[in-house]
Amino acid sequence: MTKYYAHSANKKSQQWHLLKKHLESVSELAGHYVSGWQGEEETRLAGLLHDLGKYGDKFQDRLKGLDKGLDHWSQGAFLAIKKGGACAAAVAIQGHHIGLQSLQKEDLQKLNPKSLTTHHPQGLILSEADIELLEHRLNQDNLFCVKPQKRLFNSLLGESEARVDNMLDVRRLFSALVDADFIDTEAHFDGDEQGKVQRKQGLKLNKNELAEQALKTLLSYIDKKAQRPDSSEKLNAVRQQLLSSCLEKSRQKTGAYTLTAPTGSGKTLSMLSFALQHVIKNKLERIIIVVPYLSIIEQTANIYREIFHDFDPDLILEHHSMAGLGAEQTQTDADGNEEQERQIKRQRLLSENWDAPIILTTSVQFLESLFSNRPSSCRKIHRIANAVILFDEVQTLPIQLAVPSLAAVSHIAKNWNSSIVFSTATQPAFDHLDEAVKKQCPAGWQPQPIVENHAMMMEALRRVEFTWLEEKLTWTNLAETFNKHPQILCIVNLKRHAQTLWNVLEKNDDLFHLSTNLCPAHRQAVLNEVRYRLKTGLPCRLIATQCIEAGVDVDFPIVYRAFAPMDAIIQASGRCNREGKLESGQVIIFKPECDGGLYPDGAYQQAANVTESLKNELRGQFDPYNPGVIQRYYQRLYTVADPEQSAKYLNTAIRDLNFPQVAREYRLIKNDMINVVVPFDAARFEELRTQAEKQGLTASWIKQARGLSIGLFRPKPDDVVWDSLLPVQQFKQGRHQQQEDWFIVANNKDYDDKLGYKKPESFNCWIG
């Protein structure tokens, strides 16, 4: 009998990969990934049929180097619909190379080989157009297409079913298929004379009492921290109260939760305690911590490394743009640190599919994956089931994405045996959007509070007094005040405001600047120095933009904050008297007297206007520590901003069940940005520039460059800033190709050791 192959020979054993074995393995592994879920049978069917077209003679010739430009996936997708009645499996099969496309009836009908033979949307040729022939060869291998008894959808989705929750279920099926396909293919090419070699599986919290050991270690760390001589008795009491509430609530079943507690109350460690105990109670597999900014990730990762330093290095996976930097550099280190190199490579493997017990990632990475259509982004989604997902600083979620985001995580909490925790000091009134969320997910958004008495906590940790200046301040007047205080922080809304204030201040070694004009490595270095000075009592004056807010652990006695949205003002106050060592810190809210706009964008200005309106209405009753006032602020903001209307193009794409368009419309960072590599670290910068000249733009190069890159709004085509940037070329098939996203600073003088990247005079996109 003729043998059909899925892949060519591997290097070690020269064995070819039998198609029968590949289909069986992918079907089994994909089904295992979603075991017990409603879509399990359909997922197994997708695994069985995903490479059906490889039974075609043209594909077998391609493995010998004879044919190119073949479509080997559409045939399996068509058979999944025709014989399996499984449209979710069909769109997953279709997308496992080209990405998820559309669930619309007319688009699924185009999977018919007769249609694809006359017009293929990707301009490809079918490896075989005769479906009966392909199914016959499948059957000869003792494999059969059987209609699943349980499917995600028993028929094509109607208008009322075109929702976020149903599209997310398709992505979960797609995720399991893609991951299983990758894993089995990798095992073949890593194979030896004994057959396939599987990668080492990641740890799971519900195995070998790992969660129990981690929780014991964490609680011991918290206890020792409370006993330090410099800790505040009042602060410790609140932290203990928060921890007790978290541990008590953690014994509940999986679902959606909120954790509202003031800054400095120990939310980071308390919510991790909740998650570990919750894992133990509900036999879950992993914890995913989602934070909005890289600065918080680095801060959180350092704390976790300190706590769990005696555990297996695979316990914690960091998946973000700064993780694993310098892997290639370690290969040339003088000491040849092979163990460090091995661990970095291991982390990269685990980050492909989140096969780890504790995962630290960004909001962009997590949320955009839930709305993506790309195989690489969706591959990890099946790991989100059977997990606790902790969202830190959730108030940073863009208003226009609130409803679809809430629908997605609500569905995960309701139907994927997972728990969602929204943690912040300023809990948005998301329950105000419950009816809107129900249109995209029947469960709506009605989370349980972990802390019932957070208002009392807020009052107990009232560590600052707010002063609202009525008259506008000139930068010169602000500078005079700034120079009088040895330790002071000023937060402004725009980078140009930070630079203007810098220019009128006395320049000493104790003056620092923090904004996104500094690359991530530079910002981290500044924060390290600032924390050292604050801790040791040295003079420290810091000018910063909003990047200092939302979870960044610094503690100043005095904070000046340019007028801003209420949540930003509350976050700014969390950088003042954070540890409660003073009787009261001072937070002064001012409006700068200056030309031009005061805010980075329309949404930010709208939120600031709502804040001012509420403050004028409440007058002396306007108290940022009052949860009732915070709720009124968010309710009014949602009424004014109208999240459903502001996401109308995304909602249209969802109604159209158009996966590519949904992915394009769901963006946490909307603006068209370019990446610019800057010379903060001269040696690394030169290495990157040399590598770019020799090898061009590669995934490895981008990974290394992230720490030295800043994001800029894309300049207009005729802007002279382009003359100061060197584009990184792409090498494809031996040829140079222009790309428009990555650049290198041409002149090292364009990067200042204090202010970061300096714009050419005509560069007019200096915002935020």
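**Aromatic pairs.** I searched the whole structure, a predicted model, and found 22 aromatic pairs.

I looked up one of them: tryptophan 468 and phenylalanine 622 pair edge-to-face, at 5.5 Å centre to centre with 70° between the planes. Tryptophan 468 is in strand E12 (residues 464-468), while phenylalanine 622 is in the loop between helix H25 (602-618) and helix H26 (627-641), so this pair links distant parts of the chain, 154 residues apart. My helices (H or I, at least four residues) and strands (E, at least two) are DSSP runs, numbered from the N terminus. Phenylalanine 622 is buried, at 7% relative accessibility. For that I took buried as under 20% relative accessible area, exposed as over 50% and partly exposed as in between (1.4 Å probe, protein chains only).

I also noted a cluster linked by ring pairs, with Trp354, Phe391 and Tyr638 among its members.

**Ground rules.** I number residues from 1 along each chain as its sequence is written, and side-chain values use heavy atoms, with hydrogens and water left out. Local features need pLDDT of at least 70 and side-chain atom pairs count only at pLDDT 80 or more, whereas totals for chains, interfaces and linings use all residues.

**Charges over rings.** Here I asked for NZ of Lys or CZ of Arg within 6 Å of the ring centre and within 35 degrees of the ring normal. The charged end of arginine 172 sits over the ring of tryptophan 416, 4.9 Å from its centre. Lysine 591 lies over the face of phenylalanine 563, at 5.2 Å from the ring centre.

**Salt bridges.** My rule was a side-chain nitrogen of Lys or Arg within 4 Å of a carboxyl oxygen of Asp or Glu, and the count came to 36.

Which residue does lysine 83 meet in a salt bridge? I found glutamate 135, at 2.6 Å, N to O. Lysine 83 lies in the loop between helix H4 (74-82) and helix H5 (87-98) and glutamate 135 in helix H8 (residues 131-140), so the bridge ties together parts 52 residues apart in sequence. Lysine 83 is partly exposed at 44% relative accessible area, but glutamate 135 is buried at 12%.

Glutamate 368 and arginine 667 meet at 3.7 Å, N to O. Their bridge ties together parts 299 residues apart in sequence.

Last, I jotted down a salt-bridge network that includes Asp179, Arg199 and Glu352.

Conventions. Phe/Tyr/Trp six-rings, centres within 6.5 Å; stacked < 30°, edge-to-face > 60°.
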